2 protein chains.
Amino acid sequence: MTKRLASPRAASLATVAREAGVSVATVSRIVNGKTGRASVQTIARVNAAVVELGYQPNHVGRALRRRESRVVAMLAPNLDNPAMAAIAVSTEAALRAAGYVMILCDTHDRADLQDEYLRAMRSQFVQGYVLVSAVKSAALSDALARGEAIVFVSRRNPDGGGAYVGIDNRGAGADAADHLLARGIEDLAVIYPAQGSSSTAERVDGFIERLVARGVPTERIAQASAPGLSHLQVGYDAARALVDGAGGTWPRGLLCVSDLMAYGAYRLATEQGVAIPSECLVVGIDANPLNAWIAPWLTSVHIPYRDFGAKVVEQLSSLWSGTVPDDCLLPHSLDS
Amino acid sequence: MTKRLASPRAASLATVAREAGVSVATVSRIVNGKTGRASVQTIARVNAAVVELGYQPNHVGRALRRRESRVVAMLAPNLDNPAMAAIAVSTEAALRAAGYVMILCDTHDRADLQDEYLRAMRSQFVQGYVLVSAVKSAALSDALARGEAIVFVSRRNPDGGGAYVGIDNRGAGADAADHLLARGIEDLAVIYPAQGSSSTAERVDGFIERLVARGVPTERIAQASAPGLSHLQVGYDAARALVDGAGGTWPRGLLCVSDLMAYGAYRLATEQGVAIPSECLVVGIDANPLNAWIAPWLTSVHIPYRDFGAKVVEQLSSLWSGTVPDDCLLPHSLDS
DNA sequence: TTGATTTAGGCAAACGTTTGCCTAACTTGT
DNA sequence: ACAAGTTAGGCAAACGTTTGCCTAAATCAA
């Protein structure tokens, strides 16, 4: 027979304990699977009460007592970027599968917002942080010094060290170089954002190094960059700088360090009547799923963003168990 | 593999109280701005201690005591869709400005996942829910019956009623109709997903109603749909169904109820050598910012997703204060 | 002066969990 | 039969806040 509850309060350990005629401590132990401490009959009685009352452990009480929540905060610079969104989605799924919930914060790539979020999250007993393309900031250094569990994604710890999930950026740049050379293109250029993060810089380096190693004279590798946060605009501006710097002519092959930058460059090409890809083969990095539908002109290095989440959770688990994990580099690929 | 250092505890009310030589209660009142209860000197002393120790209120303790967190859960069907990501970003920003944090859950449009999330969130003392394109489910009905604060976005409450933020979908469809008619196009079609949500169905209805009202014979308005979750694929499949149903000829004007569907249709057109927009003017709905860069052929009804967040927070506030807010319809626009 | 009111702030009980410690009642070993 | 060990489970103290209630002292009214 079921009781009609006077208040809409959810069942607590106390409710269950009363119903089962045992103490709160016993119920707590049983629902937490500490088996050795109770008789079979008691366990059965408690479990019955749990089911009947629909008891669900209260995470707030638990967090207070254990001084830990099952919450992980992700700080990402801008979810407008489909690559970031993909990372967020896959991380959220992996965390949830591991029994965590994810709080998402958009830092807009601003150090002050990153600081504010880091501080705010601390008082939520957040258990770990996933920092996508983190920037250097005071609260970040503090958090690292305190030994918080922090996984860096896509961009390495600006203070050096720390757990990292990403790809071999140099390798990705090198692959792009090989791809272009394999098509007999030797009039090459690369564009990138002026506020260089470690990852974009590494892509550029890898690209140039490989070209040089394969005998392309340095002076035939044009470079240009542009400031700004929107990779779309940066791509447009950098491409303009590149072309203007070359007396109005486009290179035959162009590496853009992200797909969004490639979209920006494409717009300029369209405006200037340059045919892509026949006059200029554009290579991006990210392999946005939209490319197949509306940007078939773009060749792009595939990054397995959908696999990032699982790796991030692995690294967090390592940190929680007290070890410092090795960097995790996922495989990229450029289908030819 | 090195061991991490144990972190020193953050300052609590007790720490501050000891430092300032007052009781915990007094500190609590002061940090909460209950001014009438303390002398000016005490307030000054406490504030000094707060600053010195870098005290930040612990949200977990507060949540436990007040039986409310400052957490809102957003359940969204798929963040891969840029429109969803835009809603998530703007809601997160608006909530944070109002002092809340947002937990993000990706339901993949599945009722069972939506149920699981709703139940899991309850024991986190989540204060409100933002349900983007919610589907009918048991836990949703339960939550509504319990009187939880729930705001529906983009798709109305499947059980009817409830707070809603969205656009005038019929109006958007009608605007698309006007746009096409203004260009003298009368050979028209519309494609939409087979699993019709209220919003896409309304867009189709508004489109057709307006066309009929302006004298287009019903038999000249072709329709097609396709099943599936990915609007990209749905657009492709539906366009194929449409064209096949018309003996291989494309309409002169085509409304796709989302931009992603338009991308899908575009791919088919490209494959079939149909020139967009000269042979077929495609109109989408969403106005994805990428369009200007890589899909200039697409005309799209602009939806102010960036304004959704503020409205969502308004509606949540209404719910929290006990009133039932009116539906909030934001203005859409189609720049001609 | 006295009684009434205000001011300033402390006490302690929640909120829901977890866990070290304690204690009865058994079970063994000898 | 008695000491030693095991089992089953209760007690109560945290964790960090908030808040109703209480109490001194100070102020005020008459």
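This briefing covers the domains, the DNA-facing surfaces and a few individual residues of the structure above.

The model is predicted, so local features need pLDDT of at least 70 and side-chain atom pairs count only at pLDDT 80 or more, while totals for chains, interfaces and linings use all residues. Residues are numbered from 1 along each chain as its sequence is written, chains are lettered from A and ligands numbered from 1 in the order in which they are written, and side-chain values use heavy atoms, with hydrogens and water left out. Chain A is divided into domain 1 (13-57), domain 2 (66-161 + 306-330) and domain 3 (169-303); domain bounds come from an automatic or database domain assignment.

**Domains and annotations of chain A**

- The centres of domain 1 and domain 3 of chain A, taken over C-alpha atoms, are separated by 62 Å.
- UniProt, in an unreviewed entry, places the feature "domain: HTH lacI-type" at residues 11-66 of chain A. UniProt positions are given in the numbering used here, feature names are shortened, and annotations may be inferred rather than shown by experiment.
- Residues 11-66 of chain A are 68% helix and 0% strand, and the end C-alpha atoms of this span lie 20 Å apart. Helices (H or I, at least four residues) and strands (E, at least two) are DSSP runs, numbered from the N terminus.
- UniProt also lists "domain: HTH cro/C1-type" (unreviewed entry) for residues 12-46 of chain A. That span is 66% helix and 0% strand, with 13 Å between its end C-alpha atoms.

**Helix α1 of chain A**

- Helix α1 (residues 13-20) of chain A has Thr15(A), Val16(A), Ala17(A) and Ala20(A) as its buried residues. Buried means under 20% relative accessible area, exposed over 50%, and partly exposed in between (1.4 Å probe, protein chains only).
- These buried residues pack against α2 (24-31) and α3 (40-53) of chain A.
- Gly21(A), with a positive phi near 70°, follows α1(A).

**Surface near DNA strand D**

- There are 30 residues around DNA strand D, and Thr26(A), Arg37(A), Thr42(A), Arg62(B) and Arg65(B) come nearest. A residue is near a molecule or strand if one of its heavy atoms lies within 4 Å of it.
- By class, this surface near DNA strand D divides into nine nonpolar, 11 polar and 10 charged residues. Ala, Val, Leu, Ile, Met, Phe, Trp, Tyr, Cys and Pro count as nonpolar, Asp, Glu, Lys and Arg as charged, and the others, Gly among them, as polar.
- Sugar or phosphate accounts for 63% of the atoms of DNA strand D within 4 Å of the protein, and bases for the rest.
- Phosphate oxygens of DNA strand D lie 2.5 Å from a polar side-chain atom of Ser23(A), 3.0 Å from an N or O atom in the side chain of Ser28(B) and 2.8 Å from a polar side-chain atom of Asn32(B).
- Two or more residues of the surface near DNA strand D come from each of α2 and α4 (59-66) of chain A and α2 (24-31) and α4 (59-66) of chain B.

**Surface near DNA strand C**

- Of the 31 residues around DNA strand C, the nearest are Arg62(A), Arg65(A), Ser23(B), Thr26(B) and Thr42(B).
- The surface near DNA strand C has nine nonpolar, 11 polar and 11 charged residues.
- A phosphate oxygen of DNA strand C lies 3.0 Å from a polar side-chain atom of Ser28(A), one is 2.9 Å from a polar backbone atom of Asn58(A), and one is 2.5 Å from a polar side-chain atom of Ser23(B).

**Individual residues**

- Leu131(A) is in strand β3 (residues 128-132) of chain A and counts as buried because its relative accessibility is 1%.
- The C-alpha atoms of Leu131(A) and Val153(A) are 6.0 Å apart, with the two residues 22 places apart along the chain.
- Gln114(B) lies in helix α6 of chain B and is buried, with a relative accessible area of 3%. Its side chain reaches the backbone oxygen of Val135(B) at 2.8 Å.
- Asp109(B) is in the loop between β2 (101-106) and α6 (111-122) of chain B and counts as partly exposed because its relative accessibility is 27%.
- Leaving aside neighbours within four places in sequence, Asp109(B) is in contact with Pro77(B), Ser133(B), Val135(B), Arg155(B) and Leu229(B), where contact means heavy atoms within 4.5 Å.

How values were computed
A polar contact is a pair of N or O atoms within 3.5 Å; within protein, one must be able to donate a hydrogen and the other to accept it, and residues adjacent in sequence count only if both atoms are side-chain atoms.
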